[in-house]
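Please examine the structure shown below together with its sequence.

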Amino acid sequence: MMPPFVMLVDDEAPFVKTMTKRLTKRNLEVETALGGQEALDTLDKHRNIDVVILDVKMPGMDGIETLQRIKTSYPLTEVIMLTAYATVESAIEGMKLGAFDYLMKPCDMEQLMGKVIEATRKKRNHEDKIREAQVKEVLSKHGA
Amino acid sequence: MANLEQLSNSYYRLLTRNIILTIISVSIIPLILVSITIYYQFRTSYHEKVYAHLCELVHKHKQNIDGFLSEKLGDIRFLANSFGLDKLSDESFLQDRLAALQKNYGPVFVDLGIINNEGEQIAYAGPFKLAKANYSDAEWYLQAVRNQYFISDVFLGLRGLPHFIVTVRDTRKGQNWILRATIDFVAFNTLVENIHIGQTGFAFIVNKEGKLQTTPITKPFLDILPGKIIYKDFLNDQTSDPNEIRVSVKPDSKNRKNIYVASFLKNGDWLLVYQQRAADAFADLNKTFKITTILMLLGPLGVVIMAFTLSRMIVNRIARADTEKQLMNEKVVEAGKLASVGELAAGVAHEINNPVAIMVEEAGWMGDLLEEEEFQESKNLAEFKKSIGQIQTQGKRCKQITHKLLSFARRTDGSVQDVDINDMLEELVALSAQRAKYSMVEIQPDYQENLPCLKFSLSELQQVFFNIINNAIDAMEKNGGQLKISSRRKDNYIVVEISDTGTGIPEANLSRIFDPFFTTKPIGKGTGLGLSICYGIIDKMGGKIRCKSSVDVGTTFWVSIPIQAGNGP
């Protein structure tokens, strides 16, 4: 499997910096963004991002709104919510809006890696299925 | 503090005194007023009744005495008119007449006599030797000559015994003659003597000069015989109706109040007086007064005792209520302080979490770097790794504490709403699905359908079940297992059963799992607040939370939540 391509979105620059180094060391391709809008812009540039690791509480556009927009524009991209303040309500809301899972800061790297790989697999499976369906559609059209 | 205590003591003393005074004043004053009014009315009517009774008594005896005198006068007039001077001058005939009268009336008539114009008794029938007696100078004779009929006062006369005389004057050949009868004093006296009421009531008759005409039963009453001054008042007041009954209350020589009831007899010549000591006449009233006074004293005494007891009880209750109120206020203030501290802690915890996350990540990065070859030869590699591990462990511990603090201090949405318990459990299961998957936990839901909606705060219920589910997954983290979540209705409760096949809780710890800050999780894993929060929430809802556990077998939680009235399926 190709290494997952993730985007880390958090307004805490030192956190983003260190996390990026750690994820990169684990062979992940990492893009970063320090806010919701920046994350959407980055996604526009890198549409092949598999997983977005998204902080919930951010100034300006918060995590929930960013999640909504991502899911609207890129429904196949999986989002793992990351929060310093995990309330049941916000987690449930996130899950309802289509987040893959949620994690609490500071998170365990192995746990995060596990979830990232799971989410990537899910996304790619989904893409494969769509692709297969498209191929079948084309084939069926040709067959017809 | 001592001042405050003194202040509150003096406040309660003042309160007690005010209550006592209020009870006494509203109870005793009306009681006294009513008693005085009733007694006054009763006394007035009793006096009137006694006076009316005495007046009636005197009136009846006046009629009796006047009737007696009229009757005797009538008999003498009959003799004089029927037989004339010639026959009556015959002493044997006169003796026969006397015998006939005595036969009819008993010894009332003592003797009979005929007196000529010169005052000489020309014929006499009777027990005394009074033939030829001369009465020309006697007071009664002078009166008898002047009046056709005459009844004398009581006097001793020639015989030396008390008596009175009834005379009828007639004229023959221009010469006056008089038929005289002597009335027995004892017989007459009996008429008055019989008037006797109570211990001190007696009657007597006086003439216009105030001389006694009867002999009262004086022996026991000698000391109370009225002075002339008393009945002179009556005698001097002859202007009004002579038949009128007069009442007077005056003190006697010993300053004791006496009642005098009087009426004129014999056309105003005599006065019948009834006398009785007021204390004797009103003995029953005085007795009633004494009883009333005793009751009047006992009643207020009871009121006073009740006022003291009641005021003490009331003040004690007020004091207790005040103490409870004060405690409540202190609790409210304390709760307010706690809330402020909680909010402050929540803010601090949130702000701290991000730096802690960075610290943990930095330590993680250091750990990652240590894996590189150049550091593998370092003799302190193990110490570095240990220190980094410690930083990460303590960082996670900080995370746990701040997260619990946040969830403990944050304002949960306490608004009551319709909660479908099955929907809520499904959401929580979905939320925990990923974690369960990594821990190799199989979630087995079993929900009873068509359960009634609960009317409680959704976020509070979520917090409770999320905590229990998380704990269950924690317990099976190492070896995996089954997590059974079921809901069913039992009477007026919805019972949610959550059972795991995890490590279980030792029996010694089972009774302490709901205590705040009790935890058996490793450092950094738990704060010991979760289940105590759950317990608090369910208890507040009026529900129950129960746990059964066996080590290495598993743990089951039963959460019973009451169904509100009117929420039936």
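The report below describes the two chains in turn and the contact between them.

## Basis of the report

The structure is a predicted model. Every value in this report has accordingly been computed from that predicted model.

## Overall make-up of chain A

Chain A contains five helices and five strands. Read from the N terminus, these elements follow the order β-α-β-α-β-α-β-α-β-α. Chain A has 144 residues, of which 41% are buried. Among the contacts in chain A with a separation of 6 or more, 61% are between residues 24 or more positions apart.

## The sheet of chain A

The five strands of this sheet in chain A are arranged in the order 2-1-3-4-5; the sheet is open, and its pairing is parallel. At its edges are strand 2 (29–33) and strand 5 (101–104) of chain A, each of which pairs on one side only. On average, neighbouring strands of this sheet are turned by 20° against each other, with direction ignored.

Strand 1 (residues 5–9) and strand 3 (residues 51–55) of chain A are paired in the parallel sense over four bridges. Which residue of strand 3 of chain A is the bridge partner of Val6(A)? The partner is Val51(A).

## Helices of chain A

Helix 1 (residues 13–25) of chain A lies across strand 1 and strand 2 of chain A. Its direction is at about 170° to strand 2 of chain A.

Two packed helices are described by the angle between their axes and by the distance between those axes. For helix 2 (residues 36–45) and helix 3 (residues 63–73) of chain A, the axes come within 9 Å and cross at roughly 20°. Angles under 35 degrees count as roughly parallel, and helix 2 of chain A is therefore roughly parallel to helix 3 of chain A. The crossing of helix 2 and helix 3 of chain A is right-handed. Helix 2 of chain A contributes Gly36(A), Ala39(A), Leu40(A) and Leu43(A) to the contact, while helix 3 of chain A contributes Glu65(A), Thr66(A), Arg69(A) and Ile70(A). By type, the residues of this contact between helix 2 and helix 3 of chain A are four nonpolar, two polar and two charged.

## The contact between the chains

How many residues does each chain bring to the contact? Chain B brings 27 residues and chain A brings 24 residues. On the side of chain B that touches chain A, the elements giving two or more residues are helix 8 (283–370), helix 10 (381–409), helix 11 (421–438) and helix 12 (458–475) of chain B. Helix 8 of chain B provides the largest share of that side, with twelve residues. The side of chain B that touches chain A is made up of ten nonpolar, ten polar and seven charged residues.

## Packed helices in chain B

Helix 11 and helix 12 of chain B pack against each other at an angle of about 35°, and their axes are 10 Å apart. The crossing of helix 11 and helix 12 of chain B is right-handed. From helix 11 of chain B, the residues in contact include Met424(B), Leu425(B) and Leu428(B). From helix 12 of chain B, they include Phe465(B), Phe466(B) and Ile469(B). The residues of the contact between helix 11 and helix 12 of chain B comprise ten nonpolar, two polar and one charged.

## Antiparallel strands in chain B

Strand 3 (residues 149–151) and strand 4 (residues 163–172) of chain B run antiparallel and are joined by three bridges. In this pair, Phe150(B) stands opposite Thr167(B) of strand 4 of chain B. Strand 4 of chain B is also joined by ten bridges to strand 5 (residues 175–184) of chain B, again in the antiparallel sense. Here Val168(B) stands opposite Leu179(B) of strand 5 of chain B.

Strand 4 and strand 5 of chain B form a hairpin with two residues between the strands. In this hairpin, Lys173(B) takes a positive phi near 55°.

## Positive phi values in two loops

Asn450(B) is a residue other than glycine, and its phi has a positive value near 55°. Asn450(B) is placed in the loop between strand 11 (441–447) and strand 12 (454–457) of chain B. Is Asn450(B) buried or exposed? Asn450(B) has 7 other C-beta atoms within 10 Å, so Asn450(B) is exposed.

Asp552(B), which is not a glycine either, has a positive phi of about 65°. Asp552(B) is found in the loop between strand 15 (544–550) and strand 16 (554–562) of chain B. Asp552(B) counts as exposed because it has 9 C-beta neighbours inside 10 Å.

Note on methods:
Residues are numbered from 1 along each chain as its sequence is written. Chains are lettered from A and ligands numbered from 1 in the order in which they are written. This is a predicted model: local features need pLDDT of at least 70, side-chain atom pairs count only at pLDDT 80 or more; totals for chains, interfaces and linings use all residues. Two strands pair if DSSP finds at least two bridges between them. Axes are lines fitted to C-alpha atoms, for helices over the stretch in contact, and angles run from 0 to 180 degrees between N-to-C directions. Two residues are in contact if their C-beta atoms, placed from the backbone, lie within 7 Å. Ala, Val, Leu, Ile, Met, Phe, Trp, Tyr, Cys and Pro count as nonpolar, Asp, Glu, Lys and Arg as charged, and the others, Gly among them, as polar. A residue is buried if 20 or more other C-beta atoms lie within 10 Å of its own, exposed if 12 or fewer, and partly exposed in between; C-beta atoms are placed from the backbone. Angles under 35 degrees count as roughly parallel, over 145 as roughly antiparallel, 65 to 115 as roughly perpendicular and the rest as oblique. A crossing is left-handed if the near helix is turned anticlockwise from the far one by less than a right angle, and right-handed if clockwise.
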